[in-house]
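Subject: Structure for you to look at

Hello,

Here is the structure I promised to hand over. Please open it next to this email and follow along as you read.

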Amino acid sequence: MILRKLFLMRHADALEKYDSITDFERPLSNKGQQQSQMSGTWLAQQNFFFDKIITSSALRTYQTSLIVAKCTHYHLNKIIVYGSLYDSDLMTHINIVEEALSQNDTVLMIGHNPVIGEFASFLTENFRGSFSNGQILGISLPDNVIHVSSGIGLEIIENFIPKFK
C-alpha cells in the first residue's frame, strides 16, 4: 500500500507590520529567509520531494515557497498560489487539499496560523496547537483518499521546527 503524504508548513518569520505596508505585503525577515532555507534543506536531506506545492498569495508565504522549492528541486513556475489561503478557514484548506490529492501523492501546503494548526489538528489527533515560523508537519494519508475528513491522518511522519544554533 502506497501512502499519500501531506506536508503542512507555516511561513517563515516576516518583518513586523509598519505604516506603509499591509499584513499581506509583509516580506520575510533575514531570519525568515534563513528559516526557509533550513526547512527546505532539511526536506531535501530527508528525501522529501513534492508532486505539488501550494501556497498562500501573501508575500511572506510566497517567498517561503520559493526558497523551499529551490531546495527541493521543485520547478518554481509550478507553485500553485491561492489567494483564498490568506485569511482563510478550515473548509478552504480541506477543499484545496482534496483537489491537490486527487492528482498527486505528495503535497506541500504553506499557509498561516491559526488555520494551518487547526487543519493539522483536524487531520490528526496527534497534533494540537499552532505552528512555529517555518515549522513543517508531515502527515501520512490513505492511498485511496478522496475526501479529507476529521482524523483521516494515519500518523505524523515528521515534525520539523527550524532552530538556530
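Thr72 counts as buried, because its relative accessibility is 4% and the cut-off for buried is under 20%. Keep in mind that this is a predicted model. Find Thr72 in the loop between helix 2 and strand 3 (80-82). Which residues does Thr72 touch, not counting those up to four places away in sequence? They are Gly40, Leu43, Ala44, Phe48, Phe49, Phe50 and Ile53. Thr72 and Gly134 are 62 residues apart in sequence, and their C-alpha atoms are 15 Å apart in space.

**Two packed helices**

Two packed helices are described by the angle between their axes and the distance between the axes. Here the pair is helix 1 (residues 30-45) and helix 2 (residues 59-71). They pack at an angle of about 35°. Their axes are 8 Å apart. The crossing of helix 1 and helix 2 is right-handed.

Now look at the residues that meet. Helix 1 brings Gln33, Ser36, Gln37, Gly40, Thr41, Leu43 and Ala44. Helix 2 brings Thr64, Ile67, Val68 and Cys71. How do the residues of this contact divide into nonpolar, polar and charged? Five are nonpolar, six are polar and none is charged.

Gly40, Leu43 and Ala44 of helix 1 are part of this contact, and Thr72 touches them too.

**Two nonpolar cores**

In soluble globular proteins, nonpolar side chains tend to be buried together. The largest nonpolar core in this model has 25 residues. Which of them touch the most other members? They are Leu6, Leu8, Met109, Phe119, Leu123 and Val148. Several elements each supply at least two residues of this core: strand 1 (4-10), helix 3 (90-101), strand 4 (106-111), helix 4 and strand 5 (136-141).

Met109 is then in contact with Phe7, Leu8, Met9, Ile54, Leu85, His93, Ile96, Val97, Ile116 and Phe119.

There is also a second, separate core of 15 residues. Its members include Met9, Phe50, Val68 and Leu108. Val68 is also in the contact of helix 2 with helix 1. Phe50 is one of the residues that Thr72 touches.

**Three salt bridges**

Side chains of opposite charge can pair when their charged atoms come close. How many salt bridges does a search of the whole structure find? It finds three.

Start with Asp105 and Arg4. Their side chains meet in a salt bridge at 3.5 Å, N to O. Asp105 is in the loop between helix 3 and strand 4, and Arg4 is in strand 1. The pair links distant parts of the chain, 101 residues apart. Asp105 counts as partly exposed, at 37% relative accessibility. Arg4 is buried, at 14%.

Next, go to Asp23. The side chain of Asp23 meets that of Arg26 in a salt bridge at 3.0 Å, N to O. It also meets that of Arg60, at 3.2 Å. Asp23 lies in the loop between strand 1 and helix 1, and Arg60 in helix 2, so this pair ties together parts that are 37 residues apart in sequence. Together, Asp23, Arg26 and Arg60 are linked in a network of salt bridges.

Are these three buried or partly exposed? Asp23 is partly exposed, with a relative accessible area of 22%. Arg26 counts as buried at 13%, and Arg60 counts as buried at 4%.

The peptide bond from Asn113 to Pro114 is cis, with omega near 0°. Pro114 lies in the loop between strand 4 and helix 4.

Asn47 and His73 come next. Asn47 has a positive phi of about 60°, although it is not a glycine. His73 likewise has a positive phi of about 60° without being a glycine. Asn47 is in the loop between helix 1 and strand 2 (52-56). His73 is in the loop between helix 2 and strand 3. Asn47 is exposed, at 58%, and His73 is exposed, at 66%.

Finish at Ser121 in helix 4 (residues 115-123). Ser121 counts as buried, at 17% relative accessibility. Beyond its neighbours within four places in sequence, Ser121 is in contact with Phe127, Arg128 and Gly129.

Best wishes

Note on methods:
Residues numbered from 1 in each chain as written. Predicted model: local features only at pLDDT ≥ 70, side-chain atom pairs only at ≥ 80, totals over all residues. Heavy atoms only, no water. Helix = DSSP H or I, 4+ residues; strand = E, 2+ residues; numbered from the N terminus. Buried < 20%, exposed > 50% of the residue type's maximum accessible area, 1.4 Å probe, protein only. Contact = heavy atoms within 4.5 Å. Axes fitted to C-alpha atoms, helices over the stretch in contact; angles between N-to-C directions. Left-handed = near helix turned anticlockwise from the far one by under 90°. Nonpolar A, V, L, I, M, F, W, Y, C, P; charged D, E, K, R; others polar. Core = buried A, V, L, I, M, F, W, Y, C linked by side-chain atoms within 4.5 Å. Salt bridge = Lys/Arg side-chain N within 4 Å of Asp/Glu carboxyl O.
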